[in-house]
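Hello,

Here is the structure you were waiting for. My notes on it follow below.

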Amino acid sequence: RVHGDCTSDALVSPNMAVTEARALYAYTGTQADEHTFDVGAVFYITDMSDPNWFVGQDASGVEGLIPASYVEVVEAAPKPSLLPSQPAAAGLLGSGTEEVVVAVVAAVVVAVAAAE
């Protein structure tokens, strides 16, 4: 994988089944696009096409590279929502707009993380 190319084409929506991985070891990223994490950190893998580096989102939705040998793929599971309860969001926004809101929230999280 070429560093700097860790964004997937699709954001992970709250109800999408995704591959979950848990860190077996702590890792300190050496490049800006690599996650730094402790043992037990949970990631939602969005790209496993490179056997050495996965692309995944951490619990706050920040996407980055993860060394594949440092994590254990657990299972496909629904990702917890970063939004208020799904029924409340659906009632306020109407049908079909929840994924748009998730995309906007994820973009804001990435922008804030990049600014820090």
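Predicted model: local features only at pLDDT ≥ 70, side-chain atom pairs only at ≥ 80, totals over all residues.

Tyr25 is partly exposed, at 46% relative accessibility. Tyr70 is also partly exposed, with a relative accessible area of 28%. Both tyrosines belong to one aromatic cluster, which is made up of Tyr25, Tyr27, Phe37, Phe43, Trp53 and Tyr70.

Next, the core. The largest nonpolar core has 13 residues, and the ones that touch the most other members are Phe37, Phe43, Ile45, Phe54, Ile66 and Val71. S1, S2, strand S3 (53-57) and S4 are the elements that each give two or more residues to this core. S3 gives the most, with 3 residues. As background, nonpolar side chains in soluble globular proteins tend to be buried together.

Phe43 is named both in the aromatic cluster and among the core residues with the most contacts to other members. Beyond its neighbours within four places in sequence, Phe43 is in contact with Thr19, Glu20, Ala21, His35, Phe37, Gln57, Asp58, Ile66 and Val71.

Is His35 buried or exposed? His35 has a relative accessible area of 6%, which is under the 20% cut-off, so His35 counts as buried. His35 lies in the loop between strand S1 (17-23) and strand S2 (42-47). What does its side chain reach? The side chain of His35 comes to 3.3 Å from the backbone oxygen of Val62. A polar atom of that side chain also lies 3.1 Å from the backbone nitrogen of Gly64. Neighbours within four places in sequence aside, the contacts of His35 include Tyr27, Gly29, Phe43, Gly56, Leu65 and Ile66.

Glu20 lies in strand S1. With 13% relative accessibility, Glu20 counts as buried too. Its side chain makes a polar contact with the side chain of Arg22, at 3.4 Å.

Regards

Note on methods
Residues numbered from 1 in each chain as written. Heavy atoms only, no water. Helix = DSSP H or I, 4+ residues; strand = E, 2+ residues; numbered from the N terminus. Buried < 20%, exposed > 50% of the residue type's maximum accessible area, 1.4 Å probe, protein only. Polar contact = N/O pair within 3.5 Å; in protein donor to acceptor, adjacent residues only side chain to side chain. Contact = heavy atoms within 4.5 Å. Phe/Tyr/Trp six-rings, centres within 6.5 Å; stacked < 30°, edge-to-face > 60°. Core = buried A, V, L, I, M, F, W, Y, C linked by side-chain atoms within 4.5 Å.
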